[in-house]
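Hello,

Here is the structure I said I would pass on. My notes follow below it.

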Amino acid sequence: MATSQDLPPKGGYDAIQWRRNLPSRGFRPSIYLGIMGAISLFGFWRLSVAMRIAREEKREKTWARIHLLPVLQAEADRDALRRHYATLEREKAIMKDHPDWADGKPVYHDGRLHLPSFVILEDTKSAR
């Protein structure tokens with residue numbers, strides 16, 4: 001008894017589908033990479049502009065302080081002179097009954113100016 005063997009059909013079998021046939025969703029990865037690069041480039045550009053403006057404002061503030069320093073120093077000198085003369089007047093009023101007291105005579109005899117290292121505050125209790 002002879003058995004017949006199964007043979008492929010004439011023309012062969014259809015190709016085996018081994019790849020997934022998924023539709024493409026969205027752009028290619030290179031396009032996403034390009035978009036992200038453009039966004040990053042724009043952000044760094046804005047950062048550099050902001051840093052340049054901040055640097056210019058800091059420079060302007062520094063130069064304003066440099067140019068105002070003589071005015072502020074002159075104002076401090078005027079205030080120190082006013083306080084000095086007020087102290088002399090207060091000293092005169094306190095020591096008026098002592099005949100051998102000399103007004104404004106320096107305490108130190110070295111010929112240099114010694115600025116006071118303390119500030120005399122007015123009595124705050126009587127002001128209330």
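Does Tyr 32 count as buried, partly exposed or exposed? Its relative accessibility is 44%, so Tyr 32 counts as partly exposed. Please keep in mind that this is a predicted model.

Overall fold: the protein has one helix and zero strands. Of its 128 residues, 0% count as buried. The accessible surface comes to about 13700 Å², and carbon and sulfur atoms account for 61% of that.

The helix: H1 runs over 29–94. Its 66 residues should span 98 Å at 1.5 Å a residue, and the end C-alpha atoms are 91 Å apart, which agrees. There is a bend of about 40° in H1 at Leu 68, with a proline, Pro 70, following within four residues.

Aromatic pairs: the structure holds two. Phe 27 and Tyr 32 make an edge-to-face pair, 6.0 Å centre to centre with 65° between the planes. Phe 42 and Trp 45 make a tilted pair, at 5.9 Å centre to centre and 35° between the planes. Phe 42 and Trp 45 both sit in H1, three residues apart, or about one turn of the helix, and both are exposed.

Phe 27 belongs to a nonpolar surface patch together with Ile 31, Tyr 32, Ile 35, Met 36 and Ile 39. Together these residues have about 600 Å² of accessible area.

Regards

How values were computed: Residues numbered from 1 in each chain as written. Predicted model: local features only at pLDDT ≥ 70, side-chain atom pairs only at ≥ 80, totals over all residues. Heavy atoms only, no water. Patch = residues over 30% accessible without salt bridge, like charges linked within 9 Å, V, L, I, M, F, W, Y side chains within 5 Å. Areas by Shrake-Rupley, 256 points an atom, 1.4 Å probe, with all protein chains shown as cover. Salt bridge = Lys/Arg side-chain N within 4 Å of Asp/Glu carboxyl O. Helix = DSSP H or I, 4+ residues; strand = E, 2+ residues; numbered from the N terminus. Buried < 20%, exposed > 50% of the residue type's maximum accessible area, 1.4 Å probe, protein only. Expected span 1.5 Å × (residues − 1). Bend = angle between axes of the 7 residues up to and from the residue. Phe/Tyr/Trp six-rings, centres within 6.5 Å; stacked < 30°, edge-to-face > 60°.
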